[in-house]
Amino acid sequence: AQSDVTSKAQLQSWKNLFLLFWPSNYVASAAGIVICSWLGGLFALRRVVASARSTFSLAEFDLPLWPVGLLIAGIALLALSMSGTFGLSDAFRLVGANVLLSMRFVFGLQGLATFEGVLRRKGVERPLAIFLCVVMVCIDMATFVLVALGLVDIWANFRHLQRGVARPSD
């Protein structure tokens, strides 16, 4: 009887999490589609043009400032949901939590770009740099570090990128 109560509580917890985070599945699947499309285009280009190389490097990826505004809005919505003063606490929690989870992906990508840029500047070989980036993504605590690094890089500009300057299109 004890395990039955535990199982029901656990299933209820999973149901509550699913109901809260289901919109984030769209963000994750869209990110996967973008990455697969980029890789497919790169492989197709290399197949057609033997000398083609990717002009894109993750170390060149740079976020504009507006995702920081979304991060602040997500935190504000979660705070409003906890206060319960507006009667829309469930909607605030749903939107705020999903915005924060989406910003985790975005700032994690910025942090990964910063990490790769630092590795490149230190002269780390490409296979080792790829391995270290994969390790950083796979370890949960390292993912938190990547998100924090990406958020700080927006202001600190660790990679010394020229911001606000239009790059010539190819």
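**Exercise 1. Alanine 97**

Task: In this predicted model, does alanine 97 count as buried or exposed, and which residues is alanine 97 in contact with, leaving aside its neighbours within four places in sequence?

Solution. 
- Step 1: Take the relative accessibility of alanine 97, which is 8%.
- Step 2: Compare that value with the cut-off, since buried means under 20% relative accessible area. Alanine 97 therefore counts as buried.
- Step 3: Alanine 97 is in contact with Leu20, Phe21 and Leu78.
- Step 4: Glycine 87 is 10 residues from alanine 97 along the chain, and their C-alpha atoms are separated by 17 Å.

**Exercise 2. Two further residues of H4**

Task: Which residues do glutamine 110 and methionine 103 contact, leaving aside those within four places in sequence?

Solution. 
- Step 1: Start with the location. Glutamine 110 lies in helix H4, and methionine 103 lies in helix H4 too.
- Step 2: Check the burial. Glutamine 110 has 0% relative accessibility, so it counts as buried. Methionine 103 has 6%, so it also counts as buried.
- Step 3: List the partners of glutamine 110. They are Phe61, Asp62 and Leu63, then Gly150, Asp153 and Ile154, and finally Arg159 and Arg163.
- Step 4: Do likewise for methionine 103, which touches Pro67, Leu70, Leu71 and Gly108.
- Step 5: Valine 68 is 35 residues away along the chain, yet the two C-alpha atoms are separated by 8.4 Å.

**Exercise 3. The nonpolar cores**

Task: Which residues make up the largest nonpolar core, and which elements give two or more residues to this core?

Solution. 
- Step 1: Collect the members. The core has 8 residues in all: Leu112, Phe115, Leu119, Ala129, Cys133, Met136, Ala142 and Leu146.
- Step 2: Assign them to elements. H4, H5 and H6 each give two or more residues to this core.
- Step 3: Leucine 112 touches Leu58, Cys133, Val137 and Leu146, when residues up to four places away in sequence are not counted.
- Step 4: Look for a core apart from this one. There is another, of 7 residues, including Leu63, Val68, Leu71 and Met103.

**Exercise 4. The largest pocket**

Task: How many residues line the largest pocket, and which element gives the most to its lining?

Solution. 
- Step 1: Begin with the space inside: the largest pocket holds about 1200 Å³.
- Step 2: Go to the lining, which has 35 residues; the closest to the pocket centre are Ile35, Trp38, Leu58, Leu109 and Leu112.
- Step 3: Find the elements that give two or more residues to the lining. They are H2 (24–48), H4 (89–121), H5 (126–138) and H6 (140–156).
- Step 4: Pick out the main contributor. H2 gives the most, with 12 residues.

**Exercise 5. The overall shape**

Task: How many helices and strands are there in the protein, and why is the protein described as more spread out than a compact globule?

Solution. 
- Step 1: Count the elements: 6 helices and 0 strands.
- Step 2: Compare the radius of gyration with the globule rule. The radius is 20 Å, well over the 15 Å that the rule gives for 170 residues, so the protein is more spread out than a compact globule.
- Step 3: Along its principal axes the C-alpha trace spans about 65 × 40 × 30 Å.
- Step 4: Turn to burial. Of the 170 residues, 25% are buried.
- Step 5: Finish with the contacts. Among those with a separation of 6 or more, 68% join residues 24 or more positions apart.

Note on methods: Residues numbered from 1 in each chain as written. Predicted model: local features only at pLDDT ≥ 70, side-chain atom pairs only at ≥ 80, totals over all residues. Heavy atoms only, no water. 1 Å grid on protein atoms, 1.4 Å probe; cavity = no way out; pocket = protein on both sides within 12 Å on 5 of 7 lines; lining within 4 Å. Points joined across faces, edges and corners; volume = space filled by probe spheres on them. Helix = DSSP H or I, 4+ residues; strand = E, 2+ residues; numbered from the N terminus. Core = buried A, V, L, I, M, F, W, Y, C linked by side-chain atoms within 4.5 Å. Buried < 20%, exposed > 50% of the residue type's maximum accessible area, 1.4 Å probe, protein only. Contact = heavy atoms within 4.5 Å. Rg over C-alpha atoms; globule rule 2.2 N^0.38 Å.
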